[in-house]
Structure formats: C-alpha cells, structure tokens
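Student: I would like to go through selected local features of a model, with the criteria stated alongside them.

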Amino acid sequence: MNTKKKSIVRHILLIILGLVLGLNLYLANARGVVGNQMPMPFGTGAAVVMSGSMEPTLSKGDLIFVRKAETFHTGDIVVYQSDSMLVVHRIVSLYGSTVVTQGDANNTADEPIDLSQVKGVVRFHIPFVGTILELVKTPAGTLLILLLALALVELSFRRQKEQDDQDMEQVKAEIRRLKDELHEDRENSEDNE
C-alpha cells in the first residue's frame with residue numbers, strides 16, 4: 001500500500017475512533033443527565049432489544065432503528081420509555097392520546113400509556129448486531145476499541161517506517177555502487193593515460 005493510502009487509512013481509523021468515543025459520551029450524558037434512554041438526534045434513534053417479548057418478530061440482541069412519527073396506527077411496533085427503561089412492543093389499540101401495547105410473545109397487554117411517552121416507530125432491525133454494540137458501549141468495550149485503533153495506527157506507522165528504512169538502504173546501496181563504478185572508471189582512465 002502506498003504512503004497516501006496508508007495515511008487515508010490512519011485518518012479513517014482515527015475518525016471512527018472519535019465517532020465511537022463521541023457517541024458513547026453523548027449517550028452517557030443523555031442517559032445520565034437528562035434521563036433520556038434513547039436520544040433521537042435528527043428524529044432517528046437506535047436501541048437494542050433486551051428481551052424476547054417481541055419474538056419471533058424481534059429477538060433479544062437485535063439492533064432496531066426508530067423514527068419519530070406524527071401519527072401512529074394499530075399494529076405499529078413502537079418504542080416508549082417507562083421510567084428509566086425502554087419498551088419495544090406493538091400497538092394493540094389507540095384511544096385518543098392513550099396507547100395500549102403488547103409484546104408479540106406476551107399473553108397480556110401492557111398498562112395504557114400516554115402517547116407522549118412513545119419515542120417512535122421501529123422502521124427496521126438488524127439481527128444480533130445490538131449484542132456487539134452493547135459490549136462496545138461498556139467502559140471495557142470502549143477501552144478495547146481504543147486500544148485496537150491505537151494498535152492498528154501504531155502497526156501502520158511501524159510498517160511505514162520499515163518500508164522507509166528499506167528504501168533508504170536501497171538508495172544507499174545504489175550510491176555506493178555508483179561511487180564504486182565512478183572510482184573504477186577513474187582508475188581505468190588513469191591507467192589508460
């Protein structure tokens with residue numbers, strides 16, 4: 001890989017590292033300071049399914065993407081905050097500003113909630129990715145990502161230095177060869193005189 005590509009890879013790694021750390025700080029502040037378990041910048045948020053109450057539609061460890069909505073319909077899978085916990089269930093009935101939800105795998109409906117508690121509608125999900133993200137959000141996971149990124153950057157720098165050293169040795173060898181050749185040419189021209 002040439003120097004320019006290596007530099008681009010290093011920058012991409014540092015950007016990813018910055019984004020992961022920044023996102024973790026943002027989420028920690030939103031949860032700890034404001035009490036918002038699912039911040040939704042730009043009207044979109046993501047969460048991890050933590051139980052099997054929506055089986056088989058959603059499984060524990062799935063990453064879900066939620067979009068704010070103006071209107072809700074019976075059958076929509078929604079996310080709402082109940083105290084400090086997020087709940088992902090399907091709307092089974094709507095009465096004005098009161099919503100009743102139920103998990104697909106549950107036998108009974110949840111307690112009615114106010115529509116203002118609903119964060120948004122689940123738009124799509126990625127199976128099992130949430131488990132990995134939950135590990136990344138822990139202090140140990142963040143530290144692991146930081147260490148891996150630094151190790152990759154350091155490895156890249158070391159490889160670049162080794163390549164530079166090899167190139168320098170080749171240049172020095174070529175200079176020695178040219179000096180020897182020049183010296184031989186001088187000796188031959190002196191012998192011919």
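Tutor: A polar contact is a pair of N or O atoms within 3.5 Å; within protein, one must be able to donate a hydrogen and the other to accept it, and residues adjacent in sequence count only if both atoms are side-chain atoms. This is a predicted model, in which local features need pLDDT of at least 70 and side-chain atom pairs count only at pLDDT 80 or more, while totals for chains, interfaces and linings use all residues. Residues are numbered from 1 along each chain as its sequence is written, and side-chain values use heavy atoms, with hydrogens and water left out.

Student: With the side chain of which residue does the side chain of His89 make a polar contact?

Tutor: His89 is placed in strand β4 (residues 85-95); strands are DSSP runs of E with at least two residues, and helices are runs of H or I with at least four, numbered from the N terminus. The polar contact of the His89 side chain has a distance of 2.9 Å, and the partner is the side chain of Ser53.

Student: Is His89 buried or exposed?

Tutor: Buried means under 20% relative accessible area, exposed over 50%, and partly exposed in between (1.4 Å probe, protein chains only). The relative accessibility of His89 is 6%, so this residue counts as buried.

Student: Is Phe128 buried or exposed?

Tutor: Phe128 lies in the loop between β7 (118-126) and α2 (129-137). Although not a glycine, Phe128 has a positive phi of about 65 degrees. Its relative accessibility is 57%, and therefore Phe128 counts as exposed.
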